[in-house]
Amino acid sequence: MSKATCIGESVYGAALTRGRKYEILALDEAKRQVKVEGNNGRARWFPSGCFDLTGADAPVLSGITVRDTLEPEPSGWVEVDVELSDGRRRWCWFVTPALLMNTGDRLDGTDIQAVYGVPHLIVVNELTKEVIGHVLHHIDRQGALLNCTQPIEEASSSEIA
């Protein structure tokens with residue numbers, strides 16, 4: 001049989017590792033499932049959406065750089081660069097809910113405030129290196145890192161508008 005590359009662990013983090021290649025033991029296209037031997041040594045069926053069935057490499061998170069200072073008191077937002085195992089570099093913003101409460105467009109004639117259209121904005125309750133690292137690794141394991149970050153060459157501003 002051929003190999004399938006895990007592109008998203010979903011709820012199977014104990015059995016699958018994003019970026020790892022697994023031998024395809026069986027494939028049920030009607031049920032959209034693939035049978036592989038997981039990390040725990042047990043063969044079982046998984047949703048085929050967790051895999052690239054061509055066996056192509058899946059770049060994974062390999063480095064994190066927080067651009068802004070977090071000490072002594074974070075500003076409520078920081079820029080973060082991420083590096084993928086294929087050498088690509090991307091970036092995103094981490095913000096706290098408190099910052100968002102005082103940011104955004106006020107809708108004419110109302111007290112309504114809105115922040116929208118920022119797919120590379122990640123909201124966390126606390127800005128620490130540990131939280132940022134934990135969140136980025138979680139996003140990567142779910143296969144969503146590319147959707148939550150922007151290529152560095154497209155980044156033109158480091159300010160939240």
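How far is the sulfur of Cys6 from the closest cysteine sulfur? In this predicted model, that neighbour sits in Cys50 and the gap is 6.2 Å, which is too far for a bond. A disulfide would need the two sulfurs within 2.5 Å. Cys6 is also buried, at 0% relative accessibility.

Cys148 is in no disulfide either: its nearest cysteine sulfur belongs to Cys92 and lies 8.0 Å away. Taken over the whole structure, the disulfide count is zero.

## The five-stranded sheet

Now for the strands. Five of them make an open sheet, in the order E4-E3-E2-E1-E5 and with antiparallel pairing. Strand E4 (43-47) and strand E5 (51-52) are the edges, each pairing on one side only. As a bit of background, strands of a sheet pair through backbone hydrogen bonds.

Look at E3 and its two neighbours. On one side, E2 (residues 21-28) is joined to E3 (residues 33-37) by four bridges in the antiparallel sense, and Ile24 has Val36 of E3 as its bridge partner.

## Two nonpolar cores

The largest nonpolar core has 17 residues, and the members touching the most others are Val78, Val80, Phe94, Ile122, Ile132 and Leu136. Strand E7 (77-84), E8 and helix H2 (129-141) each give two or more residues to this core. Leu136 is a handy one to click on: leaving out residues up to four places away in sequence, its contacts are Leu61, Ile64, Val80, Val82, Cys92, Phe94, Ile122 and Leu145.

Apart from that core lies another one, of twelve residues, including Ala4, Tyr22, Val36 and Phe46. In general terms, nonpolar side chains tend to be buried together in soluble globular proteins.

## A buried threonine in a loop

Where is Thr96? Thr96 is in the loop between strand E8 (89-95) and helix H1 (97-101). Is Thr96 buried or exposed? Its relative accessible area is 12%, so Thr96 counts as buried, the limit being under 20%. Beyond residues up to four places away in sequence, Thr96 touches Gly76, Val123, Val124 and Leu127.

## Charged pairs

The model has nine salt bridges. One of them joins Glu23 to Lys3, with the closest N and O atoms 3.7 Å apart. Glu23 is in strand E2 and Lys3 in strand E1 (residues 3-6), so this pair, 20 residues apart, links distant parts of the chain. Glu23 is partly exposed at 32% relative accessible area, and Lys3 is partly exposed at 41%.

Arg88 and Asp86 meet in another salt bridge, at 2.8 Å from N to O. Arg88 is partly exposed at 36% relative accessible area, and Asp86 is partly exposed at 42%. There's a network to find as well: salt bridges with shared partners tie together Arg67, Glu79, Asp81, Glu83 and Arg89. Within it, the side chains of Arg89 and Glu83 meet at 3.9 Å, N to O. Arg89 has a relative accessible area of 39% and is partly exposed, and Glu83 is partly exposed at 32%.

Terms used:
Residues numbered from 1 in each chain as written. Predicted model: local features only at pLDDT ≥ 70, side-chain atom pairs only at ≥ 80, totals over all residues. Heavy atoms only, no water. Buried < 20%, exposed > 50% of the residue type's maximum accessible area, 1.4 Å probe, protein only. Contact = heavy atoms within 4.5 Å. Pairing = 2+ DSSP bridges. Core = buried A, V, L, I, M, F, W, Y, C linked by side-chain atoms within 4.5 Å. Salt bridge = Lys/Arg side-chain N within 4 Å of Asp/Glu carboxyl O.
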